[in-house]
Amino acid sequence: DVVVALDRGRDHRDGAAQPHLYPPARNFGLGSFRLSTTDNGVPSDEDLLATLSRGMPGSAMPAWSWMRQDDLRSLVLHVRTLARDGLVARARSAALQDGETFDQAATTARVERSLRPGHAVAPPTPADYASASPERGRLLYEQNCVNCHAADGKGNRKQVAWNNDGSINWARDFTSGFLKGGSSREALAARIQVGLPGSAMPAHGNFSPPDVAALTLHLEKLIPPHSDHWLVHREERIVARRLIGSVPSDPLDELWKTAREFEVVQAPLLWHDDAVFAVRVCALHDGHTLALRMRWSDPTRDDSVLEDVPNYDALALAFSNEETPPLFGMGSHEHPVNLWHWRAARMIDTAGVLDLIEALPHVMMHPVYRESRLDVAPLYVPAPSSAISGGRLKELSAETFGDVRDLEREGGAPVGASARWNGGEWSLVLTRSLAGAKSGEVSFEPGQQVLLSSAVWNGSSGDRGGAKSISIWQKLLLE
């Protein structure tokens, strides 16, 4: 079965998250890796370690820098093993199909030689950069890079290239700042010299050190400053300050100014330029209730339940009391996670729908006689201003991408939601008691750490279902 699967070549993708990813996950069985600093394009252990630590901005590949170094190095060795075994299996399949004798030992030795890293390329020296000519850098860029990356560095979207595995490759937009290998001077020089093996980006190993330095300096002019850290996931330690009074439910309450706000990096699973790339999070608690406020940029307010297109703005938080829950926040059968899923929906629109289906809308019903009660406040009220959205919230227990329990229906602790959209920004407060009421609900205890991750949907850009931006796990600590 392994041979058959690996023989599918570029279509071999069987991870649980794979259907939700674009660009698709790398098939390690092909033995091809993008980022290398060696003269034969095969990454060294340090190259693989750097890729795992930083992730791959521009894809769903997160940073793993929060892992222990010895665990990361063990992961590097396992990735190399997957590459070796995959190539050996493909060679065995090809031999069987051609009716040839397969020599396991000889093939393994040949594959191991092909996966052996070459010598590290020599980077330009400080003297090379000091003497580099700006005019020479511009000329080299025009001669070697303009056809794909365009004169302004934004990338020629009409120029479609193909990677060795058959996938589509568009030239990187340098001005976006999202660069797979980073934008440090050393990283740019390595990409010039080695290229991106297996992709449409060629190597320029014949360039002299002064020419590499000149082209590197020209690229630096196109790339925004500080972009070396853009879209690189970081593990934050979000501290929920304890209040004397009750926690606020309004996103604009003055008490939020007393809470430290943390920026949590979000990466789109299906890459697009209008995705949400960061959510700012802060937390407060009063010993009984936890309040979390999330803010994120979104130029359009997609919160109507009457739209024909079922795309809407939304945010979900995943929680776990475990030390090492599964990544991507959707849990597993052995390690379920607690989800709070909020969807933007204007209550005034919901009330309008009820007008069409109920004789007396917005009123409570008698629990026994099922008659309308006019002596109580309405269940649904129009939003008091255009900046407010009540939204809809579900509390769930996730045990994989397709296995989710509705904890609200099972009598779980209620989660409150209050949201505002104003000036191209959503502000959302979610509240819940510290203690959970049902199995599958996370519990919050002062002094105890809880893991938290987030997912955001931008409705106007086409986000829906698995098309969303996600974070890695963050640490939430209650004072």
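## Thr108 and the helices around it

Thr108 sits in helix H4, where a helix is a DSSP run of H or I with at least four residues, numbered from the N terminus. Keep in mind that this is a predicted model, where local features need pLDDT of at least 70, side-chain atom pairs count only at pLDDT 80 or more, and totals for chains, interfaces and linings use all residues. Residues are numbered from 1 along each chain as its sequence is written, and side-chain values use heavy atoms, with hydrogens and water left out.

**Thr108 up close**
- Thr108 counts as buried because its relative accessibility is 18% (buried means under 20% relative accessible area, with a 1.4 Å probe and protein chains only).
- Setting aside neighbours within four places in sequence, Thr108 touches Arg84 and Val88 (contact means heavy atoms within 4.5 Å).

**How H3 meets H4**
- The axes of H3 (residues 69–97) and H4 (residues 104–114) come within 9 Å and cross at roughly 130 degrees; axes are lines fitted to C-alpha atoms over the stretch in contact, and angles run from 0 to 180 degrees between N-to-C directions.
- That angle makes H3 oblique to H4 (under 35 degrees is roughly parallel, over 145 roughly antiparallel, 65 to 115 roughly perpendicular, and the rest oblique).
- On the H3 side, the contact involves Arg84, Leu87, Val88 and Ala91, while H4 brings Gln104, Thr107, Thr108, Arg110, Val111 and Glu112.

**Over at H6**
- Gly137, Leu140 and Tyr141 are buried in H6 (residues 134–144).
- They lie on the same side of H6, because their arc around the axis is only 100 degrees (taken from the directions from the helix axis to the C-beta atoms).
- The buried residues of H6 pack against H7 (146–149) and H9 (209–222).

Note on methods: Helix = DSSP H or I, 4+ residues; strand = E, 2+ residues; numbered from the N terminus. Buried < 20%, exposed > 50% of the residue type's maximum accessible area, 1.4 Å probe, protein only.
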